[in-house]
Amino acid sequence: MNLFLRQHLLPRADEEEPFFGSISAPRDKSSNNNSSSQQTSSPRPPCMAITDSADSISSCSYRKKQKENTRNHYTFGVAVVLLVVFVGAFSGGAFADGGGVFSIIVPGHLVQQKPLVEDIHIAILSDRILELSVCIGTLCSSFDDENGTFSLFFHIVNNEPAFLRDHGSSLIEHCPKNTKFEIISADDTIKVLSEDNDFELPWLNIPPGMDGKWGVETPYTNDKHSSPMNLLRFYLPFFPSLQSVDRLIFMDDDLVITKDIKHLWNLNFQPEKTFLTGCQHWAWKGPNKYTSSIDMTVKETGYIGAHSTICDEGKVSSEVSCTRSDLESDLNHASLIISPDSPFAAHPLERRAFNQGFNMIDTREWKEQKITRKFENWVTASYTMKLFRPNALAFGLGLSYFAVGDSFQCYDDNDITHLVGK
């Protein structure tokens, strides 16, 4: 038999503030007392079942001639356990295997221990209180964890953390009492990402000379497409409070959650997939005519410009949606430079499209495949090759498609739907 000792090293929200502050759901004293009493291990039963290679002996019917051996074995096992706990306590987690949890396997008697409560990490970038309240409220109302083995941990990125702190209690009033709520300053995070992780964050400073003809021209522009509140999602695995987690859920703030979030959290990633996402899209096929598909290409979504309309070579137009004649060749050239390990991959515009508002990220695979670096390289390529204006939808969505490439996995066959309606 094996003995498993597990210790959770992450502080509770009421013990230590996480990165940039926290708000915990209200607790009542009775629940605390009950919780603490439940966590106290029950007394060891007077008899234990022992199995060896010779025979199996009931724990309450030891034969007299084996009493001494059993007592010696038990004493030795207890001594080993105490030694391991002593070493683990003073090693500061020397046995850590990631995620703030360490496991030690010691031969001896099997000691049953209460399962750890697993945090479901949910990141939301939002500066809108009403939308955020609806998103979090419906998520918590749909969350069902009778066994108490999961807890919700919200990581809210915002440029006005003081305002969010004032409204934090109302945001999680429908959430379980063990819910954790972390408010992250976007500005402070940008500084940390730049200094500690050596990221360039090229989208922060648009270089001069951005006038003139671009690969995609459109009258529909918005500065939000290149804002930190949109693009910091590509850096989530490197946030100080998320660096040690194996997976995290990212969602937009304009969602209404109608199903238990555990349905997404408990899905398994396929090998070499960094991104678990929905792939359903609606495409316009004429007046009042739409079609829905989970196999639509990036080009078919229409997010990367009107490819059926080529821009006039001699002038720049901000009134008509059109694309530059050499855009597709430029995109293919940039792809071969940024991802030289995939020379036979499909053209960036011919790859399968996916939604980007309700996803789960495998943070370790994300880092292994350097997705954030690829994203930054695509931003730089967009500037130098004048692919997409920073305030165009093609910049905010297209570069994300290209950086993730084929490393995403659709969850549409798992009874989860992200996009509904027309």
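This is a predicted model: local features need pLDDT of at least 70, side-chain atom pairs count only at pLDDT 80 or more; totals for chains, interfaces and linings use all residues.
Helix H12, which covers residues 393–404, is largely enclosed by the rest of the structure, because 11 of its 12 residues are buried. The buried residues of H12 are Ala394, Phe395, Gly396, Leu397, Gly398, Leu399, Ser400, Tyr401, Phe402, Ala403 and Val404. The length of H12 can be checked against its residue count: at 1.5 Å a residue, its 12 residues should span 16 Å, and the end C-alpha atoms are 17 Å apart, which agrees. Just after the helix comes Gly405, whose phi is positive, at about 60°.

**The chain as a whole**

The chain holds 12 helices and 16 strands, and of its 422 residues 45% are buried.

In the loop between H11 and H12 lies Lys386, a residue that has a positive phi of about 50° although it is not a glycine. Lys386 counts as buried because its relative accessibility is 17%, which falls under the 20% limit for that class. Lys386 is also one of the residues touched by Arg324, whose other contacts, with residues up to four places away in sequence not counted, are Lys213, Trp214, Gly215, Cys311, Asp330, Met385 and Leu387.

Arg324 itself is found in the loop between strand E14 (322–323) and helix H9 (327–338), and its relative accessibility of 11% is why it counts as buried. The side chain of Arg324 makes two of the polar contacts described here: one of 2.7 Å with the side chain of Asp326, and another of 2.8 Å with the side chain of Asp330.

**How H9 meets H11**

Two packed helices are described by the angle between their axes and by the distance between those axes. For H9 and helix H11 (residues 371–384), the angle is about 140° and the axes are 11 Å apart, while the crossing of the two helices is right-handed. On the H9 side the contact is made by Leu331, Ala334, Ser335 and Ile338, and on the H11 side by Lys374, Asn377, Trp378 and Ala381. Sorted by type, the residues of this contact divide into 5 nonpolar, 2 polar and 1 charged.

Within H3, the buried residues are Leu132, Cys135, Ile136, Gly137, Thr138, Leu139, Cys140 and Ser142.

Leaving aside neighbours within four places in sequence, Thr149 is in contact with Leu116, Val117 and Glu118. The C-alpha atoms of Thr149 and Val117 are separated by 4.5 Å, although the two residues are 32 residues apart along the chain.

**Around helix H5**

Ser194 has its place in helix H5 (residues 186–196), and, not counting residues up to four places away in sequence, it touches Phe199 and Leu201. Leu201 is found in the loop between H5 and strand E9 (216–217), where it has a positive phi of about 45° although it is not a glycine.

Thr179 is found in another loop, between helix H4 (161–171) and strand E8 (180–185). The side chain of Thr179 reaches the backbone oxygen of Pro176 at 2.8 Å.

**Accessibility of selected residues**

The table sets out accessibility for residues discussed above.

| Residue | Relative accessibility | Class |
|---|---|---|
| Thr179 | 0% | buried |
| Leu201 | 1% | buried |
| Arg324 | 11% | buried |
| Lys386 | 17% | buried |
| Thr149 | 26% | partly exposed |
| Ser194 | 35% | partly exposed |

Methods. Residues are numbered from 1 along each chain as its sequence is written. Side-chain values use heavy atoms; hydrogens and water are left out. Helices (H or I, at least four residues) and strands (E, at least two) are DSSP runs, numbered from the N terminus. Buried means under 20% relative accessible area, exposed over 50%, partly exposed in between (1.4 Å probe, protein chains only). A polar contact is a pair of N or O atoms within 3.5 Å; within protein, one must be able to donate a hydrogen and the other to accept it, and residues adjacent in sequence count only if both atoms are side-chain atoms. Contact means heavy atoms within 4.5 Å. Axes are lines fitted to C-alpha atoms, for helices over the stretch in contact, and angles run from 0 to 180 degrees between N-to-C directions. A crossing is left-handed if the near helix is turned anticlockwise from the far one by less than a right angle, and right-handed if clockwise. Ala, Val, Leu, Ile, Met, Phe, Trp, Tyr, Cys and Pro count as nonpolar, Asp, Glu, Lys and Arg as charged, and the others, Gly among them, as polar. The expected span of a helix is 1.5 Å times one less than its number of residues.
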